[in-house]
Amino acid sequence: TIPPLGRNDFLTSQPIIDGTEVEAASTFTVANPATGGTLATVALLGEAETRRSIESNSRAYADWRKRSAQERARLLQDWLALVRLHRQDLGLLMTAEQGKPLAEALGEVDYAASFIQWFAEEARRLYGEVIPASSDRRIIVIRQPVGVAGAITPWNFPAAMITRKVAPALAAGCTVTLKPSELTPLTAFALAKLALEAGFPPGVFNVVCGDAPAIGSVLTSHPDVTKFTFTGSTAVGKLLTAQCAATLKRVSMELGGNAPLLVFDDADLDQAVEGAIASKFRNTGQTCVCANRILVQGGIHDRFVEALAARVSAFTVGNGLEGATDQGPLITRAAFDKVQGHVADALAQGGGIVTGGKRHDAGELFFQPTVLTGANPTMRLADEETFGPVAPVFRFDTEAEALALANATRSGLAAYAFTRDIDRAWRVAEGLETGMVGMNNGIVSTETAPFGGIKESGLGREGSRHGIDEFLEMKTINLGVR
Ligand code: ADP
């Protein structure tokens, strides 16, 4: 039932602990959201297997932390080569279990690979410091791996969310137990299998999945885990952060956003429409940096809405494995119901549909790409992430009003703004309360730049030269000199 793959002997439908595929008495199934068909039956793991995985990480860590930077970098490069070699099959697998159009899945393989490459390079640049002190002292700061890391990742980027955590962890000299989403574990297993094939020692990178709360409770409480890193919803992120408090783990959190996208009268219309499409409709609206609220100034409002709706109504919607598509299914029934609920609520509160608004005939979990006008701050979609292909347009008059609306949320991940006025661009970029701003640009994610949020959108940064700091501790050596 896995789609037509080429060399697919690297695929497995089992978790991997200590270099070995794990069986279990209980199982769960992974479905294709485009068809509802079953893709794989997977061992359902819980607390005992997670403890076993952490023990294996601890054993492996004793050796792994001492490997030279060159050696860690070389293994990461070998893993990178295998991921690139299997680009097509990884893309097909991802489309099958996650639903994104194949072109986007292949793009995600490249994006995932970019983190492996970046951190393979960074592995050799873990510089320390020498601090001038008194004549009888030398102060040296070295950076050491934080230890065994626990990681939990979501379903919307089944490859990139993994490499963005695992590659810097391995580069730093940490070992990892990863729990991917039970909705999309197959890509994670494939990546772990390729890492083994590349030569990472058993126990350096384990993957468990099954009973998420049980696995999460061990990863956040086991004394041998010194670092915990999570990407997912704000509610679960807060819960897991609280769980980490008892053993005071180092914590990184990439949580939900509620990104505003501001279009000013002086924007380049085509650029603003392209940016809104790229930000809002990537992965069928299911990214944490997706524009959730589109705020448009009065003078450009009608032209922008018309141009956006023309593009959106021309999208090809369908199963990403059957020909070229722009939009796929939503991940689950609950996700579909939330999107439908947001649209119904907006209509009940005075919103109007320009295009879309209903289930799409491509299948049960497909929603029509939608543009909605007359959005206002009392609607559910103003406060919660819709996580679907719905672009709600709010109208504003002044820059101050736009900034106040944009910042009226507890989230602070990404924001976007479109203007050709350089002074306004600076004011707005500095005034937006988010970790990332796309200025005249709808895409903020790249391995070269820090990714992360402020306010309730998270703690820490991933990617860039800063991303590896999350897996390193500084040690001060204060040396007496006679
Ligand atoms: P989403 O809404 O994107 O599915 P979640 O936060 O529910 O976001 O899921 C993100 C990840 O967190 C997934 O791997 C999921 O299995 C995991 N998860 C959800 N609830 C818990 C929990 N109580 N403990 C540990 N992991 C959890």
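Okay, let's start at the ligand: α7 gives the largest share of the shell around it, three residues. Helices here are DSSP runs of H or I with at least four residues, strands are runs of E with at least two, and both are numbered from the N terminus.

Quick housekeeping. What you see is a predicted model, so to speak: local features need pLDDT of at least 70, side-chain atom pairs count only at pLDDT 80 or more, and totals for chains, interfaces and linings use all residues. Residues are numbered from 1 along each chain as its sequence is written.

Back to the ligand. Which residues come nearest? Out of 13 residues around the ligand, they are A212, G216, G232, S233 and V236. Near means that the C-beta atom, placed from the backbone, lies within 6 Å of the molecule or strand. Two helices, α7 (212-219) and α8 (234-245), each supply at least two residues of that shell. Sorted by class, the shell has six nonpolar, five polar and two charged residues. For the classes, Ala, Val, Leu, Ile, Met, Phe, Trp, Tyr, Cys and Pro are nonpolar, Asp, Glu, Lys and Arg are charged, and the others, Gly among them, are polar.

Now stay with α7 and look at what packs on it. Two packed helices are described by the angle between their axes and the distance between the axes. Helix α1 (residues 47-64) packs with α7 at about 35°, with the axes 8 Å apart. Axes are lines fitted to C-alpha atoms, for helices over the stretch in contact, and angles run from 0 to 180 degrees between N-to-C directions. From α1, the contact uses E47, T50 and R51, and from α7 it uses A214, I215, V218 and L219. Contact means C-beta atoms, placed from the backbone, within 7 Å. By class that's four nonpolar, one polar and two charged residues.

On to the sheets. Strands of a sheet pair through backbone hydrogen bonds, either parallel or antiparallel. Here, two strands pair if DSSP finds at least two bridges between them.

β14 runs antiparallel to β15 (residues 370-373), and three bridges join them; G352 has T373 in β15 as its bridge partner.

Another open sheet has three strands, ordered β5-β6-β20, with antiparallel pairing. Its edge strands are β5 (129-131) and β20 (472-480). Nine bridges join β6 (residues 137-145) to β20, and P145 stands opposite L472 in β20.

Last one, from the record: an unreviewed UniProt entry annotates residues 26-477 as "domain: Aldehyde dehydrogenase". UniProt positions use the numbering here, feature names are shortened, and annotations may be inferred rather than shown by experiment. That span is 40% helix and 20% strand.

Technical notes:
Two residues are in contact if their C-beta atoms, placed from the backbone, lie within 7 Å.
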